[in-house]
Amino acid sequence: MNKIELLAPAGNLEKLKIACLYGADAIYIAGTKYGLRANAKNFTEDDLKNAIEYAHSLNKRVYVTVNIAFHNEDIDGLVDYLKFLESIRVNAIIVSDLLIIDIMKDNDIHIPIHISTQLSISNKEAAMFLKNEGVERVVLARECDRDSIKNIIDETGLEIECFLHGAMCSAISGRCVLSNYFTNRDANRGACAQICRWNFDLYEDGKKVEGNVPFTMSTKDLSLITCLEDMIRIGITSLKVEGRMRSNYYIATVISTYREAIDLYYDGKLTQDKIEYFSKILNRVANRESTSQFYDHFPHEDGQYFVGRQENSNQDYLGIVLSYDRDTHMVTIEQRNYFMSGDRVEMFGPHIDTFSFTVPDIYDEDGNLLEVARHPKQVIKFKLDYEVYPNDIMRVNFLE
Amino acid sequence: MKKILVIPNNKNVDIYLDKDIDGVILPLEHLAVNSECYFSIEDIKDICQKTDKEICVSINKVMENKDLDLLEKCLITLSKMNVKVLFYDLSIVNINKRLGLGLDLVIYQDHLNISSFTNLFYKNRGIGCSFISNDITMDEINEIGNVQSLMMMCYGYLPIFYSRRYLVSNYLSFLNKEKKKSSYYIDEYRIEEEENGTAIYSKDCINLINDIDRLNIDYVVLNGSYINHDKFMDVIDKYVSCDRDDKDYYKGFLNKKTVYRVEDYE
């Protein structure tokens, strides 16, 4: 049985490495052109080469987004770019504009095509159209429910990818240009200004609707940890985590959590207690409420986020391991958020089982005893009896 | 250049058909979105029987699996009528091909399908006409018009957002208030809840009366949804008589490019 794919986002090479280390099977990234996050750092051609070499060396797959809605002025350079992607052996490109199918045929370019959720494929007939065009995989619309997903899988035989976790568009993908009309920023070329998260006064027959919170279209985030077992059982090929512009900590936390959950499922050990523990971790990392959205019910008021933009910055991420000395048992970490000696914290990483401990005496780089680690990126040392590895992460305590 | 109307009211169809226009667009009930009114298949049959004007049926919702049975039945019925079918969802292309229906299809994807190559992709698959987006410039439209027959909205409020969610009801429910049969607005943008979700329309009504001679399009579409009836009748007359004026109407992105990189808007 093929294991379901855990697909991670990466906005730059560092994040791709984190995603690989923390358990992603595949990573989706964008070059500096043609992607729907035009203002993320994204990957230069050298970065793309390095990313693919790195990921392939770990037997991970890399998909590159080429998913803008093309204007005529965007076409120049597209053939060369696709040839370049073919030459560096990307595993697939993620596409919303079907012109790429013909351009690849006309230019004898062979890269598997995954259809972006921007096309909002929500039924088996549309999926069959794409299958007949030679498409390998379809990323279904976020609005698909469980039974539709299963039916599309059963009826088409296509690889089906579904969103698993992360932020949601309020609109049907591809059917929103609020950003264009409110800010002149082109939503379908990667510059969405997220107008759906703005607050508005709502007027009813010319009179402002009075309420304790303003109107917004904003949705809660998606989290399908509670549906994970069912998603695997119905035959989904790939589970996608949203967030190419998210932090290293977010990627490490979300990917490692789902990695563990998926592995436990296949080992027959994914218990309700574990799911509740994973939910707790996932709920904290984004600082926004999340729900299962369309997968297991039609979202009404419960799927929306009416509390305004009150997300607090996440201070759970305390530090990242730089090195560990097996002889002295001293760990060196780079600080990310305030902590002090005596705090109960936990360490997680790709090569260790998550464990809790009490922070002992802490020292700076020169061996001076510190009361607190208060400076971002400050290098801190302390004694730790468990062996840890570079890129392991110290965070607040979830286990206890 | 033909002039066709999106009929905003299914009680006054004859009034619109009596105008010196070339055709009408009829949104199909349950399977279309973004319209003030919808027509049943029976309504459409009746209208077809009483006019020689071109009839276009809009079936522009994103189809869900549960829509497919109804969709297939409607497409079979429409294939026996002399109509064009305006579609958003690719399921319609597949059903048309699978059943050999020979439908006269017009792709109508609001904000997608905005390059010549993309239009050629669909043209090469037998789709001979596109309802082109208003999000692109006149130069872009005219280039695409060289490779594909085009319809374009030249008058009306532009659909700029569609959600499957019931956004107004959800908000009012959160406030413990009931949704009335009312018009709702945010920042002067009309927000309409309908059977299949929530639509938002442009703040201003587009009017390209002074530009249509420079547009390389085959169909001028006038959409009467949410427009005062008398005003819309006047607009139709103006377009029929090509009665230009010197007013500075809202033109959307006809003469303005969108931007998409930080350096473009900083």
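## Chain contact and helix packing in a predicted model

The contact between the two chains draws 79 residues from chain A and 74 residues from chain B. The model is a predicted one, and every value below is computed from it.

### The interface of chain A and chain B

Between them, chain A and chain B bury about 6,700 Å², of which 56% lies on carbon and sulfur atoms. On the side of chain A, the residues that lose the most area to chain B are A:Glu125, A:Arg175 and A:Tyr181, which together account for 14% of what that side buries. A:Arg175 also takes part in a salt bridge, its side chain meeting that of B:Asp110 at 2.9 Å, N to O. Across the interface of chain A and chain B there are five salt bridges, and the count of residue pairs in polar contact between the two chains is 32, with both residues at pLDDT 80 or more.

Several elements of chain A supply at least two residues each to the side that touches chain B, namely H4, helix H5 (124-132), helix H6 (146-156), helix H7 (178-183) and strand S8 (202-204). H5(A) gives the largest share of that side, seven residues. Sorted by class, the side of chain A that touches chain B holds 36 nonpolar, 24 polar and 19 charged residues.

### Helix packing within chain A

Which angle and which axis distance describe the packing of H3(A) with H4(A)?

| Helix pair | Residues | Angle | Distance between axes |
|---|---|---|---|
| H3(A) and H4(A) | 78-87 and 99-106 | about 75° | 11 Å |
| H1(A) and H2(A) | 13-21 and 45-57 | roughly 10° | within 10 Å |

With an angle of about 75°, H3(A) is roughly perpendicular to H4(A), because angles of 65 to 115 degrees count as such. A:Leu78, A:Val79 and A:Leu82 of H3(A) make the contact with A:Leu99, A:Ile100, A:Ile103 and A:Met104 of H4(A). By class, the residues of this contact are seven nonpolar, no polar and no charged.

The axes of H1(A) and H2(A) cross at roughly 10°, and these two helices are therefore roughly parallel to each other. From H1(A), the contact is made by A:Leu13, A:Leu16, A:Lys17, A:Cys20 and A:Leu21, and from H2(A) by A:Asp47, A:Asn50, A:Ala51, A:Tyr54 and A:Ala55. The residues of the contact of H1(A) with H2(A) comprise seven nonpolar, one polar and two charged.

### Salt bridges in the whole structure

Over all chains, the search of the whole structure finds 45 salt bridges. One within chain A joins A:Asp221 to A:Arg197, with the closest N and O atoms 4.0 Å apart. This pair links distant parts of the chain, 24 residues apart, with A:Asp221 in strand S10 (residues 221-223) and A:Arg197 in the loop between H7 and S8 of chain A.

Terms used:
Residues are numbered from 1 along each chain as its sequence is written. Chains are lettered from A and ligands numbered from 1 in the order in which they are written. This is a predicted model: local features need pLDDT of at least 70, side-chain atom pairs count only at pLDDT 80 or more; totals for chains, interfaces and linings use all residues. Side-chain values use heavy atoms; hydrogens and water are left out. Axes are lines fitted to C-alpha atoms, for helices over the stretch in contact, and angles run from 0 to 180 degrees between N-to-C directions. Helices (H or I, at least four residues) and strands (E, at least two) are DSSP runs, numbered from the N terminus. Angles under 35 degrees count as roughly parallel, over 145 as roughly antiparallel, 65 to 115 as roughly perpendicular and the rest as oblique. Contact means heavy atoms within 4.5 Å. Ala, Val, Leu, Ile, Met, Phe, Trp, Tyr, Cys and Pro count as nonpolar, Asp, Glu, Lys and Arg as charged, and the others, Gly among them, as polar. Buried area is the accessible area (1.4 Å probe) that two parts lose on being put together, summed over both. A polar contact is a pair of N or O atoms within 3.5 Å; within protein, one must be able to donate a hydrogen and the other to accept it, and residues adjacent in sequence count only if both atoms are side-chain atoms.
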